[in-house]
Amino acid sequence: MANTNTAPEQSGTGLKAKVQRFGSYLSGMIMPNIGAFIAWGLITALFIETGWTPNENLAELVDPMIIYLLPLLIAFTGGRMVYDLRGGVVGATATMGVIVGADIPMFIGAMIMGPLGGYLIKKIDQFFEGKVRSGFEMLVNNFTAGFLAFGLVLVAYQGVGPVVVALNQVLAAGVRVIVDAGLLPLASIFIEPAKVLFLNNAINHGILSPLGMQEATETGKSILFMLESNPGPGLGVLLAFMLFGKGAAKMSAGGAGIIHFFGGIHEIYFPYILMKPILILAVIAGGMSGVFTFGLFNVGLVAVPSPGSIFAYLAMTPQGDHIGMLAGVIVSTTVSFVVGAIILKTVKDKSEEGLEEATSKMETMKGKKSSVSGSLVGEEQMEKQAADGEETEVHASDLSPDKINKIIFACDAGMGSSAMGASILRNKVNKAGLDIEVTNKAINQIPDDADLIITHKDLTDRARAKQPDKLHISVDNFMNGAKYDEIVSDLKENE
């Protein structure tokens, strides 16, 4: 398919894109293995000596899973992200060096050795490409991987393991100082804004979860699991929009609140903050009050709650901590709601209201447009293109079933907001009788056979850098069904 990008080519190498990309690699090693983490958390909550149903025999599963299984899964996933199965095997094997060479769960070590093993075997294969005599390919492949894994195991055991243990001790000591000083609520000042910039998975699964797992193995629970994942602050803002918002934001906030709180897809409230950035104060206040309440009740979770749903919170809360957990969620929701309501009622922005009213009218419109330029790029990007004299219009003929066989919704982890958007568009495509595959993926895993890629506007640069020769559509909100109606309408008329 010809290059039909709807915005100027960008390198995607800005600071924000780099931070997002690094965070995506961290979270990308954890997210596919969340099921294993949840299984470990349930086994811990149920069968350890202080669990709901203590069982001495089944409790023996706890240590092997956290010491061997979980780090090896992380390492294999990290190596595979870099160099498919071959990278995964070498990365997982190399990680055994840090596992055996340390007396703590080696999550950070796995996140180092997994991608490193994948990267090195990739470089070795590139070096030998075209230089191996016919018939010796398997021999060379197996021995290069084996010798590399052997060397990395020794390096990891002697060098990487001790360094990671020392780093882990420093980080853990720093967190402990903050907790003991009662300053942990201040973490929300950094966490909540970073979440809205789509760094939520990087923060939770790349930083807080490994530290939380270490603490949970020592104390049976950790408050660190609750810093980013608390659904209260986001719910409070959405409730404020339900009562005091306007136009499309007010109408959609209720459904978004249900998906956010019960489904655990936090990304759904990010556009509401981006619509009125001062609302970041509401979620910061909600996050700080929630963490303070959790600390006041001395509660924590036994494992990472993913997705950040109230159901996951209930499942991961150890016996005796449910009242304190619910109190923290309720307090954070209330504080976020009150601050958000005050902001929505008192802070006026005429330009914002005009944009909201226009968006509301657009969402109630039906019918065919001659182009989808408004859907394909954000307003600021369109203004920049116009100033540069560049073409912003994408003709309806570009959206044709002859050209588009697979539509990919892509987000940071490929599991939350993208799954929601894909579900909405898939239903519309099926109802229109179009034979087009619609699915969701992480940005780093966008397949080469994708014809149309849909991302949130803050992630489009990264998606474009990954697949520059595809048609890219940026959206402000994955719940915006009106834009999908327009896409389906163009596809249907061009059959």
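The questions below concern a predicted model.

Colleague: What makes Phe143 partly exposed?
Modeller: The relative accessible area of Phe143 is 47%. Partly exposed runs between the buried limit of 20% and the exposed limit of 50%, so Phe143 is partly exposed. Phe143 belongs to helix H5 (residues 137-180).

Colleague: Which residues make the nonpolar surface patch of about 660 Å²?
Modeller: Phe136, Leu139, Phe143, Phe147, Phe150 and Leu154 make the patch. In an α-helix, residues three or four places apart point the same way, because there are 3.6 residues a turn.

Colleague: How do you know that the span of helix H7 agrees with its number of residues?
Modeller: Helix H7 (residues 232-244) has 13 residues and should span 18 Å at 1.5 Å a residue. Its end C-alpha atoms are 18 Å apart, so the two values agree. Among the buried residues of H7 are Leu235, Val237, Leu238 and Phe241.

Colleague: Where does pLDDT stay under 50?
Modeller: Over residues 1-13, and over residues 350-394. The model has 68 contacts beyond four places in sequence for residues 350-394. Where pLDDT is low, the predicted coordinates should not be read in detail. The protein averages a pLDDT of 77.

Key:
Residues are numbered from 1 along each chain as its sequence is written. This is a predicted model: local features need pLDDT of at least 70, side-chain atom pairs count only at pLDDT 80 or more; totals for chains, interfaces and linings use all residues. Side-chain values use heavy atoms; hydrogens and water are left out. Patches are made of residues with over 30% relative accessible area and no salt bridge: like charges are joined within 9 Å, nonpolar side chains (Val, Leu, Ile, Met, Phe, Trp, Tyr) within 5 Å. Accessible areas come from the Shrake-Rupley method with a 1.4 Å probe; for residues, only the protein chains shown count as cover. A salt bridge is a side-chain nitrogen of Lys or Arg within 4 Å of a carboxyl oxygen of Asp or Glu. Helices (H or I, at least four residues) and strands (E, at least two) are DSSP runs, numbered from the N terminus. Buried means under 20% relative accessible area, exposed over 50%, partly exposed in between (1.4 Å probe, protein chains only). The expected span of a helix is 1.5 Å times one less than its number of residues. pLDDT is the predictor's confidence in each residue, from 0 to 100. Contact means heavy atoms within 4.5 Å.
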